[in-house]
Amino acid sequence: MADVTPGMRRITLAGEQLRAFTSANGFPQPAFESPGFDDDIRLAFCYPGQTEPVLPVQKEKGLDFPKDPRPLSRVYTVRRWDPEAGELDVDFVKHGVGTATTWAYRAQPGDRIHLVGPNTSRAFPADADWLLVAGDDTAIPAIGRLLDELHSDARAQVFIEVAEGDHRQQLRELPGVEVTWLVRDGAEAGTTTLLLDAVRNCGWWDGRPFAWIAGEQSSVRDIRRHLVEDQRMPKEDIEFTGYWRRGEVIALETDQAVPDPEKTKTPFEKLHDLTELIPPIAIRTAVELDVPELISRGVTSVEDLAIKTDANERALGKLLRYLHTLDILTETTPGHYGLTPLGEVLTVEFMADFLHPAGVAGREMLGIYGLTESIRTGRSSYAAVTGQDFAEVHTEQDYEDRYLERVARFQATIAEPIATSDILSGIQHLVLHSAGAGAQAREVVAVHPDLRVTICALPTQADWLRRDLPATIPDEQQRARVSVVEQSVFEPSPPADAVLVIRGFRTLPDVDAAQALRQAAENLKPSGRVLLVEDTFDTDDLDEHDGEADLLNLAVHGSGLRTEEELDAVITRAGLFHRATHTVGWGTTVHDLVPAEDPPTFAHH
């Protein structure tokens, strides 16, 4: 351990379990790897008064995280990974009350720490002409590693905000890289516009830039907004992460350097929280009226907000006053409001889309209002609530564009492990049915140079995919091996060595899902396979989020999440058998299926 500066301590971790090992319950674990400069790991700590941390349990299909209590953990960047020496460096910013910070500054040689990961980060595009990098103290480990790993001819403008002048670090110097240190000089972290002002006023170089931004959430949001709206940078050329958010931390009475875990609630308090309707509806109303976004842009008075939202001033004042009681807003001066750290989260694009009734996720969420009817009938109630079936919503090109763009953001966690496993070995032609097909095809053709991919999609999806492919697969030679055809899952798939269906059946009743599987296998070449990825409901380990998804799918589609037994019944009904079952990535199950005429011996990987 060493103090890199008065504001940052470096802890070096080592141990045999950084190399390949077998877990206590018998599962083999690969050696630790960290190929990306922004890779992060999750460190697990002891609850106050405890001598051992709550830890996830390794199971066959991935990690199982306990729920009551949950592991007390924090995420940190891998500053340095030396596989030869088996050493892992993690840097901790010194600030106030913090579980991880306090551990780091009290740690002694020989102390144990448990970790999960890493989550690998996105690589910079090879065709960017220069890099724009901006971050606060918490981003220094990632920025330092980035500079260590950049090519010597790289060009970059780097802006780093620190608390004090002596918190500057000695970073690798490159002739084409300009590093600018910005000092808060006593201001509280997350309260200045130093980074935003620096990016706004920087000299904009010629060529195509790629931006990497990290730090306090609202600061990152404002910089990204400037790059998209003022500099007209494509969103896909900006990698941004809100490492932390401002908020009040209450220390333990017995140890002022350690946060107090959430207080135990009585059953009455828990039930009140679970059944309270007004807060979520009021918050959704604020998002629908664009109130958080407007306040973040400087529209703060009730009068001006009423004009901008086309609302009744008196009525809007009641909503703002209530949001103040929820700690969403704070009254800065009489009649003027600002966002609290909790309110700032409502300006995050992903969260706003979830809460807004016209958002991609928010529009689907409307179906939950018909849950009572769906429970009574066992069928979808979406049309009764909104006036149209949800399938009709997907025929609207604008909605489908936004839906597919949202889905594509999360495909690498599924596609990359499948592409790099041996599942696709020997396959020359792959047919793909998936909402995130473009991003998945990118991973596949990048790994398998002789493989062709045919994406099957409905017309609105196909239109978006054709427009999106040049950006998703910029390499022309790789893109030439990917084609898009307009075809539903209920039509026989084109002749292929394998058909990959990813999360395509959650909206379908069992009889329809079985028919779609039969059609997927209709034109398989000899020894061809159907590869199926489908979420299931684990009834042996009930999960609140799975339960929510199950009810929402019932109300919107009349379906739900199937159990493993129910999915097996659909597969059998389709006339297919398991050839093998593969587990890849973070517990994703791939069902490897073949037609029943030649049932194989079942295998599991």
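Biologist: In which strand does Ser73 lie?

Modeller: This is a predicted model, and the secondary-structure elements named here are read from it. Ser73 falls within the stretch of residues 72-77, and that stretch is strand 8.

Biologist: Is Ser73 buried or exposed, and with which side chain does the side chain of Ser73 make a polar contact?

Modeller: The relative accessibility of Ser73 is 15%, and because buried means under 20%, Ser73 counts as buried. Not counting residues up to four places away in sequence, Ser73 touches Arg42, Leu43, Ala44 and Phe45. At 3.0 Å, the polar contact made by the side chain of Ser73 is with the side chain of Arg42.

Biologist: Which residues form one aromatic cluster with Phe45?

Modeller: Phe45 was named above among the residues that Ser73 touches. The aromatic cluster that holds Phe45 also contains Tyr76, Phe92 and Trp103.

Biologist: Why does the pair of Tyr399 and Tyr403 count as stacked?

Modeller: The structure holds 10 aromatic pairs, and in one of them the ring centres of Tyr399 and Tyr403 are 6.3 Å apart. Tyr399 and Tyr403 are four residues apart in helix 16 (residues 397-408), which separates them by about one helical turn. Both are buried, Tyr399 with a relative accessible area of 1% and Tyr403 at 16% relative accessibility. Planes under 30 degrees apart count as stacked, and the pair is stacked because its planes stand at 10°.

Biologist: In what order do the four strands of the open sheet run, and which are the edge strands?

Modeller: The pairing in this open sheet is antiparallel, and the order of its four strands is 1-2-10-9. Each edge strand pairs on one side only, and the two in question are strand 1 (2-5) and strand 9 (80-82).

Biologist: Over how many bridges do strand 2 and strand 10 pair?

Modeller: Within this sheet, whose twist averages 25° from one strand to the next, Leu13 stands opposite Leu88 in strand 10. Strand 2 (residues 8-14) and strand 10 (residues 87-93) pair in the antiparallel sense, and the number of bridges is seven.

Biologist: At about what angle to strand 2 does helix 1 run?

Modeller: Helix 1 (residues 99-106) lies across strand 1, strand 2 and strand 10.

Biologist: Which residues touch the most other members of the largest nonpolar core, and how many residues does another core, apart from it, hold?

Modeller: The largest nonpolar core has 41 residues, and those that touch the most other members are Leu424, Leu430, Leu432, Val453, Ile455 and Val482. Another core, which includes Met8, Val133, Ile143 and Ala156, lies apart from the largest one and holds 25 residues.

Biologist: How many residues of helix 2 are buried?

Modeller: The buried residues of helix 2 include Ile140, Ile143, Arg145 and Leu147. Helix 2 (residues 140-149) is largely enclosed by the rest of the structure, because the buried residues number eight of the 10.

Biologist: Where does Arg562 lie, and which backbone oxygen does the side chain of Arg562 reach?

Modeller: Arg562 lies in the loop between helix 22 (544-557) and helix 23 (564-573), and Arg562 is buried, with a relative accessible area of 7%. Not counting residues up to four places away in sequence, Arg562 touches several residues, including Phe505, Asp510, Asp535 and Val570. At 2.6 Å, the side chain of Arg562 reaches the backbone oxygen of Leu508.

Definitions and conventions:
Residues numbered from 1 in each chain as written. Predicted model: local features only at pLDDT ≥ 70, side-chain atom pairs only at ≥ 80, totals over all residues. Heavy atoms only, no water. Phe/Tyr/Trp six-rings, centres within 6.5 Å; stacked < 30°, edge-to-face > 60°. Buried < 20%, exposed > 50% of the residue type's maximum accessible area, 1.4 Å probe, protein only. Polar contact = N/O pair within 3.5 Å; in protein donor to acceptor, adjacent residues only side chain to side chain. Contact = heavy atoms within 4.5 Å. Pairing = 2+ DSSP bridges. Axes fitted to C-alpha atoms, helices over the stretch in contact; angles between N-to-C directions. Core = buried A, V, L, I, M, F, W, Y, C linked by side-chain atoms within 4.5 Å.
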